[in-house]
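Morning, everyone. Please have the model open while I talk.

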Amino acid sequence: MSMMEDNSSCSSVATGPPQASFLQRTLQQLSSTQCLKLRAEDAPPVAVVALQRYLSEPAEGEQQPDSYSYDVTVTDGVWRAKCFVHSSLNQLVHTNTLKTGTDISITQCSYVYNEKRLGHGYMCIEKLSSDAGSSEVLPRVKDVSALPLLVKQGMERSVVLQSDVPLQVSRKHYLSLWNNDDPEGDMWTSGSPSSVTVLDVSKITLLSSLESSFRNTMRSFPLPLLVKIIHKSRLRYYGKFGLNIDYPYQAYFEVADQSGTMSLVLWNELCPEFYQRLNVGTVLYLQNYALKPSYSHRSRPQMDHYRMKSFNSVEICLNLRNPVSVITVVSPKSVLPQWGLPELSYQFTNRSELDKLSNNVACDIIGLVTFVGRVERVKSKSNKGPEKFWTYRWVHAVDGSTDQPFILEVFSSSQPEIFSHICPMTYLVCTHMRVCQVEGSSPYLTSSCETEMFITGYHKGQPYVNDPTVKSFIQWTKTLKDNIILQRTAVGGHYCYPHAPKTFTQSMIDASGQAPLVAAADLKRELETLQYREHIKLAIQGQITAVRYMNSPKSTESQGPEGKQIPDVSTDACEQAVLDTHNNPTTAEASLTSPSSEDISPNKRKRRMRKAKQSSSSHGSMPKKRRSGHENTEGGRGQEEEQQDSESEAMQDVEYGLKPQNQDSDVLSWESSSWLKQRQEMSEHLCRGGLYQDSISRRFTFDEKNVLLQWSNLQALRWTPEQSADPTPPVGCPGYYLITILGINKQIAVDAAYFPVVRSNEPRAVGLPQDPHGNTMMSCLSSGFLCPLSDAANHSDITLPEPEEILVTASELEDTHVVCVLDLCHLGGDKVEVLINKVYRVTEVSIN
């Protein structure tokens, strides 16, 4: 290992016999010379065992490159070391290239001393190379937590290096890696015993008195309160640059006594201590609280069913200072009936009743989970501080009242253990969900700030267990057979709801409910800046210039860049990559051919192609003279006749714009007559997207439960031995269409995958408008499905159109002005999923 500082180099100083630990040797070399920077050309791998995020320290006189900083804990199997990730490498975290459970090689690092604090410093990783495969180091480690933590000599007493706090000492705590809503770290207290002390309730005040007293400018500390929590919000983190608050957290609770309801706010340091101890149904004895005018712009839960008066002009504030609030959590055994605290009330709704509910009405539901989508992220539009992501997933749950499931859009509710373990065959309760009635799709439910979730294993002791609807649901589940329900389950894959409306509407006033129409250059920028599992929906206008049918999805493996963004790929390289993906027999995906290409010989496929062309000719798309040559029967043909037939087929392929992808492939493609010239004149072809194995949902099985959960969840911020290194089992794919869309100004083209719904038991088929159509290329792109959908449950024998039959109709796309709604999702590394959601003709577009 050579030593370097800036552009100069200096020799290494021998410090004794070589060490077995790369990390220990590196720290010794950093400590034993005047140089604070090391560069290694052939560094051995170290495993990433933790990756932690926190608000950055703004650098004086410098523009902040990123809102957040990252600490990474690595091990070489002998020592552990917590290091700072240089901000130039943050993009590797954003794209999930630097992640736990994998190996990296540290090719350049430095040692950074804290100039304002004695005895504190840390190693900083400045350059690295990553390996997307499974770790070579971790299998050799029995217990990572038992490995000693590497600390520079003389800094052994540093609290920062030895505890669960950031290396940047101005920050006191870590955030969850992928959102700001979930509690993260050792500071969050949970499971603390409630108080069993005798309370003096003879001198308490009622909530009704607080509001009137506040209006009369009450100056002395109010009397104690005795209240019950009836609603609990998720956590809100409001940290930002320049805010000198160590724990900028806030959580709202709705509390009630015999006189009515009022909001209670838990502030700052009290959130880590009390948030996880204060639950719906908890009784509190409060002293030394403050009263403030209510914040009028926040959302509030719907509590009309309590039939109690709500005092909304004032709220109770609990702080660690000014004044020092005293919070006593009362033991349930100590709660007395004479206190007059209200009973909890729920509004459980059956799926059969959902269609009748008004938009935005709140309700509670219980159901048996049949589908759980992958966890995705979306940027908060209203956030004014550092960039913030919300995490969410789609869930289907049935309750027996109808064949249709609840469609649930579930956002993180500050319950990470529950949110990450939702899986099929579990009983799910979601409280205070809001109804979304949408035109052209079945209604769905979305979570609110006050939504809480509970799954099997968390129901015991919850107040809702005695609700009649819950009891009725439990009785229904006793009549079910697991093997039958399992056949209806699915996990992960692409899922987007609600379905696009029949007409694309661009509003000049409010575009909140419609995919925004963007320029092709904006699409390029979105593709370049997407972060891990970030999902966006947008629309572009242009024309479809090429369609290719692919038998198998792209590989899910990707090699991470060495601290650099992946460069744009040329058009020719992109097309060659598509061909290689299809034809490389060494990849697992190459064997996942569709039933049509797996069971049908080339000659039989060509005969089906002839039938498709005959069908097309009946609509006048083939000249009469050429149609007359297709009236012979297919039986009894000899080899010579087949050869002549093949030559004739090739001639007709040219006429229809259809051609094989290469000599060894039986998959056809269509190109518009102007595409060759347009391709030469355009400036850029964006072709990083497509269909991946990660895009396809999988059937749930109990044997694969942990692997499927890991696959559908976000990357873990800490590695554990339970974290499976086994790849997710591949799934058969019925093929997909790779669509090339040329922007309206013919300067930028983008490739997007079209993955039609083909079975009624697919999660994407739920709520999908299934108006019959002719299975032309355009009608399929407009509807999202092949008509009619096969019904596996009823064992219906429906013959779906072959890809050739659909492709032969692609000529109607020639020079057609369309609007394409696209779903974009970053799957990690260099994988970006670009899928066609719906295609509109310009005649199906309106402006208002």
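**His396 and its surroundings**

Leaving aside residues up to four places away in sequence, His396 touches Leu368, Val369, Thr370, Phe371, Pro405, Phe406, Ile407, Tyr495, Pro763 and Val766. This is a predicted model, so please keep that in mind for everything that follows. His396 sits in strand E19, which runs over residues 389-398.

Is His396 buried or exposed? Its relative accessible area is 2%, and the cut-off for buried is under 20%, so His396 counts as buried. One of the residues it touches is Tyr495, and here there is also a polar contact, side chain to side chain, at 2.9 Å.

Strand E19 comes up again with helix H17. That helix covers residues 705-712, and Val707, Leu708, Leu709, Trp711 and Ser712 in it are buried. What covers these buried residues? E19 is part of the cover, and so is strand E24, residues 490-491.

Next, the backbone. Most residues other than glycine have a negative phi, and most peptide bonds are trans.

From Asn322 to Pro323 the bond is cis, with omega near -5°. Pro323 belongs to the loop that links strand E15, residues 310-318, to strand E16, residues 326-330. The bond from Tyr497 to Pro498 is cis as well, again with omega near -5°. Where is Pro498 found? It is in the loop between E24 and strand E25, residues 504-506.

Ser414 is not a glycine, yet its phi is positive, about 60°. It is placed in the loop between strand E20, residues 406-411, and helix H7, residues 416-419. Ser414 has 5% relative accessibility and so counts as buried. Asn775, also not a glycine, has a positive phi of about 60° too. Its loop lies between strand E32, residues 757-759, and helix H18, residues 777-783. With a relative accessibility of 12%, Asn775 is buried as well.

Now the cavities. How many of 30 Å³ or more does the structure hold? There are 7.

Last, the whole chain. It has 19 helices and 36 strands. Of its 848 residues, 54% are buried. Taking contacts between residues at least 6 apart in sequence, 74% join residues at least 24 apart. The contact between His396 and Tyr495 is one you can look at on the screen. The chain exposes about 39200 Å², and carbon and sulfur atoms supply 49% of that area.

That is what I had. I can go back to any of these places on the screen.

Methods:
Residues numbered from 1 in each chain as written. Predicted model: local features only at pLDDT ≥ 70, side-chain atom pairs only at ≥ 80, totals over all residues. Heavy atoms only, no water. 1 Å grid on protein atoms, 1.4 Å probe; cavity = no way out; pocket = protein on both sides within 12 Å on 5 of 7 lines; lining within 4 Å. Points joined across faces, edges and corners; volume = space filled by probe spheres on them. Helix = DSSP H or I, 4+ residues; strand = E, 2+ residues; numbered from the N terminus. Buried < 20%, exposed > 50% of the residue type's maximum accessible area, 1.4 Å probe, protein only. Contact = heavy atoms within 4.5 Å. Areas by Shrake-Rupley, 256 points an atom, 1.4 Å probe, with all protein chains shown as cover. Polar contact = N/O pair within 3.5 Å; in protein donor to acceptor, adjacent residues only side chain to side chain.
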